[in-house]
Amino acid sequence: MHIQANHSLQPYNTFNIDVKSQYYIEINKQSDILTLRSDLKIASLPWRIIGDGSNILFTHDLEGVTVRCTYDKIKVVKEDNENVWISVGAGMKWHDLVTYTVENNWWGLENLALIPGTVGAAPVQNIGAYGSEARDTITRVQTLNIYDGQRIEFRNAECNFGYRTSLFKQEFVNKLLVHRVTFRLRKLQYGNANLVYEPLKLALQDIPKPEYTPKMVYDAVIDIRQKKLPDPKRQGNAGSFFKNPIIDVDYFETLKKEYPDIPHHKTLEGQYKIPAAWLIENTGWKGRSHGKSAVSAKHALVLVNLGGAKGTDIEELYQLVQEDVNHKFGIYLEPEVIVL
Ligand SMILES: Cc1cc2nc3c(=O)[nH]c(=O)nc-3n(C[C@H](O)[C@H](O)[C@H](O)COP(=O)(O)OP(=O)(O)OC[C@H]3O[C@@H](n4cnc5c(N)ncnc54)[C@H](O)[C@@H]3O)c2cc1C
């Protein structure tokens, strides 16, 4: 285990921003935390946990210690006729895990193909796409307390999963390091394709239902995502930058009078969720650049680094977008991405 001083975080964020962390350390096992805590200088500083930085915008150099979990082993921990339980190290790339499961013909993760980031961040963020969320398959999350290395395990119901959030993003953020995650997956003949997302259903419409496999859904998801989203390897980005705002009925009715075509989705609480991408597009920001950053021409919810942008350039851009949306629609767009 190396303690690296003044270390660039450019390889660990998909916006491709070059900031430095005072100290950077990769953690593999429980005893690494105990060793680090015995170093008085390192122990006295604030610690923050990152994965692959695919949901983070770094705007300045960071003081303190940045830790990343690199433990990436997969183990089958239990199996019965219908299911298999696998325990996966937090440092594994999420998409590699999804690929491994579909190659084994196990159902459960195929709708979440091609989401960047690590397995460790999946329960933190409760990642989701195309009608599926990490919480649907997670049975246990094994964590390490970063102050004393103590192992603490949570069952699914204890994780307080919500929309792109969980206990690990709330009171335990930067306190518990997710070390291993256990998933329950269905064997081929006992699972089903989740095709609630219409374009996925369309993609598989020519195949008879009994012939569906996880790999077919996985391939369709990859195809849809590649057409829709800019690839962070070519154009730095962190996926959806803003959350979809939720507004009250009264305000929705007022807006609808002025914008009869406003897309919306009624929530269970009777409020209205408005697609942030529509709001951004209708303020004319889609495809527009600001210095070395831009709102993607492919998807208005994605902000991109055109090459050489600083974190503050992207920060300026998102604030301009926020101001314009607020001015035109009276709606405040809250970043989904963590701004540090
Ligand atoms: C092109 C693109 C498309 C995307 N599409 C989607 C999508 O469809 N659905 C979706 O849900 N997200 C999507 N995202 C967002 C992102 O991929 C996820 O949020 C992902 O889970 C972040 O993983 P990460 O390892 O990069 O975590 P980071 O961005 O590094 O960290 C995110 C949070 O998790 C915490 N964290 C990370 N690892 C650990 C750990 N081991 N223990 C404790 N805390 C930890 C961090 O402290 C931070 O709070 C997309 C991003 C991009 C760039």
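In this predicted model, the shell around the ligand draws at least two residues from each of strand S3 (47–50), helix H4 (121–125), strand S9 (128–129), strand S13 (176–187) and strand S14 (236–240). Helix H4 supplies the largest share, with four residues. In total, 35 residues surround the ligand, and the closest are Gly 51, Gly 117, Gly 120, Ala 121 and Gly 239. By residue class, the shell comprises 20 nonpolar and 12 polar residues, together with three charged ones.

The protein chain is assigned to three stretches, namely domain 1 (3–69), domain 2 (74–228) and domain 3 (236–339). The centres of domain 2 and domain 3, taken over C-alpha atoms, are separated by 27 Å.

Asn 126, which is located in the loop between H4 and S9, has a positive phi of about 45 degrees although it is not a glycine. Because 22 other C-beta atoms lie within 10 Å of its own, Asn 126 is classed as buried. Tyr 130, in the loop between S9 and strand S10 (132–133), likewise is a residue other than glycine with a positive phi, here near 50 degrees. Tyr 130 has 20 other C-beta atoms within 10 Å and is therefore buried, the threshold for burial being 20 or more.

In soluble globular proteins, nonpolar side chains tend to be buried together. In the present model, the largest nonpolar core contains 86 residues, and those with the most contacts inside it are Leu 177, Val 178, Val 181 and Ile 280. When neighbours within four places in sequence are left aside, Val 181 is in contact with Val 88, Ala 90, Val 119, Ala 122, Pro 123, Ile 138 and Val 141.

Strand S13 also contains Arg 184, which has 18 C-beta neighbours inside 10 Å and therefore counts as partly exposed. Apart from its neighbours within four places in sequence, Arg 184 is in contact with Asn 83, Trp 85, Thr 137 and Thr 139. The pair formed by Arg 184 and Asn 83 spans 101 residues in sequence, while the C-alpha atoms of the two residues are 6.6 Å apart in space.

Helix H3 (residues 94–103) contributes Trp 94, Leu 97, Val 98, Thr 101 and Val 102 as its buried residues. Seen down the axis of H3, these buried residues fall within an arc of 130 degrees, so they line one face of the helix. Asn 105, which follows H3, has a positive phi near 65 degrees.

A corresponding description applies to helix H1 (residues 30–37), in which Asp 32, Ile 33 and Leu 36 are buried.

Methods: Residues numbered from 1 in each chain as written. Predicted model: local features only at pLDDT ≥ 70, side-chain atom pairs only at ≥ 80, totals over all residues. Near = placed C-beta within 6 Å. Nonpolar A, V, L, I, M, F, W, Y, C, P; charged D, E, K, R; others polar. Domains from an automatic or database assignment. Core = buried A, V, L, I, M, F, W, Y, C linked by C-beta atoms within 7 Å. Buried ≥ 20, exposed ≤ 12 C-beta atoms within 10 Å, placed from the backbone. Contact = placed C-beta atoms within 7 Å. Arc of directions from axis to C-beta.
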